[in-house]
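Please read the points below beside the sequence and the model.

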Amino acid sequence: MTVTIHGAFGLCHNDEFGSEELYVVVKRLDLELQDQIDDTEREAQQITGGMSWWHAELRVDSLRKQDFNSKSDPLSEAELESLERLRGIRPSERSDDEAREYKSLRARAPISTADASVLARMKELLTQRRGLMRQTQMRSSPTKPGSLRVYPDDELQVVLMEDDPFFDDTCFGSTVILDQSSLTTPSLEIKKDDNTLLTLNFRPLSR
(Lines give C-alpha, C1' and ligand atoms only; values in the text may rest on other atoms or scores of the structure.)
Protein backbone atom coordinates (compact mmCIF):
# COMPACT_ATOMS: atom_id res chain seq x y z
CA MET A 1 0.00 0.00 0.00
CA THR A 2 1.12 3.54 -0.79
CA VAL A 3 -0.51 6.87 0.03
CA THR A 4 -1.19 9.90 -2.14
CA ILE A 5 -1.50 13.18 -0.22
CA HIS A 6 -3.87 15.65 -1.89
CA GLY A 7 -3.84 18.39 0.75
CA ALA A 8 -5.04 19.39 4.23
CA PHE A 9 -7.63 21.95 3.09
CA GLY A 10 -7.27 24.25 6.09
CA LEU A 11 -7.01 21.49 8.71
CA CYS A 12 -3.40 22.43 9.57
CA HIS A 13 -2.31 25.73 11.07
CA ASN A 14 -0.16 26.81 8.13
CA ASP A 15 -1.02 24.35 5.40
CA GLU A 16 -1.30 25.07 1.72
CA PHE A 17 -2.86 22.85 -0.92
CA GLY A 18 -0.23 20.37 -2.09
CA SER A 19 2.26 21.58 0.52
CA GLU A 20 5.40 19.45 0.67
CA GLU A 21 5.45 19.96 4.45
CA LEU A 22 2.60 17.46 4.70
CA TYR A 23 3.26 13.82 5.50
CA VAL A 24 1.21 10.85 6.61
CA VAL A 25 1.85 8.20 9.26
CA VAL A 26 0.09 4.85 8.89
CA LYS A 27 0.12 2.22 11.65
CA ARG A 28 -1.15 -1.35 11.46
CA LEU A 29 -2.72 -2.46 14.73
CA ASP A 30 -1.10 -5.88 15.06
CA LEU A 31 -1.05 -7.01 18.70
CA GLU A 32 1.39 -9.89 18.12
CA LEU A 33 3.97 -7.67 16.40
CA GLN A 34 3.47 -4.94 19.00
CA ASP A 35 4.19 -7.45 21.77
CA GLN A 36 7.46 -8.34 20.00
CA ILE A 37 8.37 -4.65 19.72
CA ASP A 38 7.58 -4.16 23.42
CA ASP A 39 9.76 -7.16 24.36
CA THR A 40 12.64 -5.77 22.27
CA GLU A 41 12.38 -2.35 23.89
CA ARG A 42 12.09 -3.86 27.36
CA GLU A 43 15.29 -5.88 26.92
CA ALA A 44 17.09 -2.78 25.60
CA GLN A 45 16.07 -0.83 28.69
CA GLN A 46 17.21 -3.64 30.97
CA ILE A 47 20.69 -4.06 29.50
CA THR A 48 21.38 -0.31 29.20
CA GLY A 49 19.67 0.82 32.40
CA GLY A 50 17.62 3.29 30.39
CA MET A 51 14.14 4.49 31.29
CA SER A 52 12.91 4.20 27.70
CA TRP A 53 13.89 3.03 24.21
CA TRP A 54 15.07 6.58 23.53
CA HIS A 55 17.47 6.43 26.48
CA ALA A 56 18.71 3.01 25.31
CA GLU A 57 19.45 4.48 21.86
CA LEU A 58 21.39 7.34 23.46
CA ARG A 59 23.42 4.82 25.43
CA VAL A 60 24.30 2.72 22.37
CA ASP A 61 25.20 5.86 20.38
CA SER A 62 27.57 6.91 23.16
CA LEU A 63 29.19 3.46 23.31
CA ARG A 64 29.48 3.27 19.52
CA LYS A 65 31.23 6.67 19.35
CA GLN A 66 33.60 5.80 22.20
CA ASP A 67 34.43 2.42 20.63
CA PHE A 68 35.14 4.09 17.27
CA ASN A 69 37.28 6.83 18.88
CA SER A 70 39.26 4.33 20.95
CA LYS A 71 40.20 2.39 17.81
CA SER A 72 40.77 5.28 15.41
CA ASP A 73 42.73 7.40 17.91
CA PRO A 74 43.96 5.09 20.70
CA LEU A 75 45.30 6.48 23.94
CA SER A 76 49.06 6.47 24.45
CA GLU A 77 50.63 4.94 27.57
CA ALA A 78 51.04 8.42 29.07
CA GLU A 79 47.38 9.26 28.35
CA LEU A 80 46.22 5.99 29.91
CA GLU A 81 48.18 6.85 33.05
CA SER A 82 46.64 10.34 33.10
CA LEU A 83 43.16 8.86 32.72
CA GLU A 84 43.71 6.47 35.64
CA ARG A 85 45.06 9.33 37.78
CA LEU A 86 42.05 11.54 36.96
CA ARG A 87 39.63 8.70 37.68
CA GLY A 88 41.02 8.61 41.20
CA ILE A 89 40.01 12.24 41.79
CA ARG A 90 36.46 12.97 42.83
CA PRO A 91 34.58 14.98 40.16
CA SER A 92 33.91 17.76 42.66
CA GLU A 93 37.66 18.01 43.39
CA ARG A 94 38.87 18.16 39.78
CA SER A 95 40.00 21.51 38.48
CA ASP A 96 38.41 22.87 35.30
CA ASP A 97 41.47 21.82 33.29
CA GLU A 98 41.42 18.35 34.83
CA ALA A 99 37.70 18.01 34.13
CA ARG A 100 38.23 18.92 30.46
CA GLU A 101 41.18 16.54 30.17
CA TYR A 102 39.25 13.70 31.80
CA LYS A 103 36.30 14.20 29.44
CA SER A 104 38.59 14.22 26.40
CA LEU A 105 40.52 11.12 27.46
CA ARG A 106 37.44 9.19 28.53
CA ALA A 107 35.86 9.70 25.08
CA ARG A 108 38.82 7.78 23.57
CA ALA A 109 39.17 5.10 26.23
CA PRO A 110 38.53 1.47 25.20
CA ILE A 111 35.08 0.32 26.25
CA SER A 112 34.88 -2.41 28.88
CA THR A 113 34.08 -6.05 28.11
CA ALA A 114 30.64 -5.56 29.67
CA ASP A 115 29.96 -2.48 27.54
CA ALA A 116 31.17 -4.31 24.43
CA SER A 117 28.61 -7.03 25.17
CA VAL A 118 25.88 -4.41 25.63
CA LEU A 119 26.86 -2.73 22.35
CA ALA A 120 26.79 -6.02 20.42
CA ARG A 121 23.37 -6.99 21.78
CA MET A 122 21.95 -3.50 21.23
CA LYS A 123 23.00 -3.63 17.57
CA GLU A 124 20.99 -6.87 17.26
CA LEU A 125 17.99 -5.32 19.01
CA LEU A 126 18.13 -2.21 16.80
CA THR A 127 18.04 -4.38 13.67
CA GLN A 128 15.26 -6.53 15.13
CA ARG A 129 13.11 -3.54 16.09
CA ARG A 130 13.67 -1.83 12.74
CA GLY A 131 12.39 -4.93 10.93
CA LEU A 132 9.32 -5.16 13.18
CA MET A 133 8.54 -1.46 12.79
CA ARG A 134 8.63 -1.78 9.00
CA GLN A 135 5.84 -4.35 9.30
CA THR A 136 3.64 -2.16 11.48
CA GLN A 137 4.03 1.43 10.34
CA MET A 138 5.30 3.80 7.71
CA ARG A 139 5.84 7.51 7.14
CA SER A 140 5.22 8.85 3.64
CA SER A 141 5.54 12.29 2.08
CA PRO A 142 5.57 13.70 -1.47
CA THR A 143 9.39 13.87 -1.38
CA LYS A 144 9.96 10.58 0.49
CA PRO A 145 7.16 8.17 -0.40
CA GLY A 146 6.81 5.06 1.72
CA SER A 147 4.97 1.76 1.43
CA LEU A 148 3.47 -0.74 3.85
CA ARG A 149 2.36 -4.34 3.39
CA VAL A 150 -1.25 -4.73 4.50
CA TYR A 151 -3.64 -7.66 4.79
CA PRO A 152 -7.41 -8.28 4.80
CA ASP A 153 -9.10 -7.21 8.04
CA ASP A 154 -6.18 -4.95 9.00
CA GLU A 155 -7.09 -1.97 11.16
CA LEU A 156 -5.07 1.09 10.15
CA GLN A 157 -4.54 4.35 11.99
CA VAL A 158 -3.95 7.03 9.35
CA VAL A 159 -2.72 10.44 10.54
CA LEU A 160 -2.04 13.43 8.30
CA MET A 161 0.72 15.63 9.74
CA GLU A 162 2.45 18.89 8.89
CA ASP A 163 6.20 19.19 9.40
CA ASP A 164 7.07 22.11 11.67
CA PRO A 165 10.49 23.28 12.92
CA PHE A 166 9.29 23.25 16.53
CA PHE A 167 6.40 20.80 16.87
CA ASP A 168 4.69 18.90 14.06
CA ASP A 169 0.95 19.60 13.70
CA THR A 170 -1.63 16.84 13.60
CA CYS A 171 -4.05 17.83 10.84
CA PHE A 172 -6.39 14.86 10.60
CA GLY A 173 -6.71 11.30 11.83
CA SER A 174 -8.83 8.37 10.71
CA THR A 175 -9.20 4.65 11.39
CA VAL A 176 -9.65 2.40 8.37
CA ILE A 177 -10.68 -1.25 8.39
CA LEU A 178 -9.47 -3.10 5.31
CA ASP A 179 -12.23 -5.62 4.71
CA GLN A 180 -11.99 -7.98 1.77
CA SER A 181 -13.99 -5.67 -0.50
CA SER A 182 -11.64 -2.75 0.19
CA LEU A 183 -8.67 -4.70 -1.12
CA THR A 184 -10.42 -5.68 -4.34
CA THR A 185 -10.36 -2.03 -5.44
CA PRO A 186 -7.18 -0.25 -6.58
CA SER A 187 -7.61 2.62 -4.12
CA LEU A 188 -9.56 4.00 -1.20
CA GLU A 189 -10.18 7.72 -0.63
CA ILE A 190 -10.16 9.37 2.79
CA LYS A 191 -12.31 12.49 2.84
CA LYS A 192 -13.22 15.33 5.16
CA ASP A 193 -16.11 17.68 4.34
CA ASP A 194 -16.22 16.48 0.72
CA ASN A 195 -12.50 17.15 0.29
CA THR A 196 -10.29 14.17 -0.57
CA LEU A 197 -7.31 14.42 1.77
CA LEU A 198 -5.61 11.10 1.04
CA THR A 199 -5.83 8.15 -1.29
CA LEU A 200 -4.70 4.70 -0.15
CA ASN A 201 -3.34 2.84 -3.16
CA PHE A 202 -3.33 -0.98 -3.19
CA ARG A 203 -1.21 -3.23 -5.40
CA PRO A 204 -1.36 -7.03 -5.08
CA LEU A 205 1.93 -8.76 -4.32
CA SER A 206 3.52 -10.56 -7.23
CA ARG A 207 3.23 -14.30 -6.92
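Predicted model: local features only at pLDDT ≥ 70, side-chain atom pairs only at ≥ 80, totals over all residues.

**Notes on charged pairs and a pocket**

1. E124 is partly exposed, with a relative accessible area of 46%, where buried stands for under 20% relative accessible area, exposed for over 50% and partly exposed for in between (1.4 Å probe, protein chains only). Its salt-bridge partner is R121, the N to O distance being 2.7 Å; a salt bridge here is a side-chain nitrogen of Lys or Arg within 4 Å of a carboxyl oxygen of Asp or Glu.

2. Residues are numbered from 1 along each chain as its sequence is written, and side-chain values use heavy atoms, with hydrogens and water left out.

3. By the salt-bridge rule, the count comes to 15. One of them links R100 to D97, with the closest N and O atoms 2.4 Å apart, and both residues lie in helix α4 (residues 96-106), three residues apart, about one turn of the helix; helices (H or I, at least four residues) are DSSP runs numbered from the N terminus. R100 is exposed, at a relative accessible area of 53%, and D97 is exposed too, at 53%.

4. Which residue does D67 meet in a salt bridge? The partner is K71, at 3.2 Å from N to O, and the two are four residues apart in helix α2 (residues 53-72), about one helical turn. D67 is buried, with a relative accessible area of 16%, whereas K71 is exposed, with 61%.

5. The second largest pocket holds about 240 Å³ of space; a pocket is an open set of points on a 1 Å grid over the protein atoms alone, where a 1.4 Å probe fits, with protein on both sides within 12 Å along at least five of seven lines, and lining residues have an atom within 4 Å of a point. This pocket is lined by 14 residues, of which R59, S62, Q66, R106 and A107 lie nearest its centre. Helix α2 gives the most to the lining, with six residues, and α2 and α4 each supply at least two.

How values were computed
Points joined across faces, edges and corners; volume = space filled by probe spheres on them.
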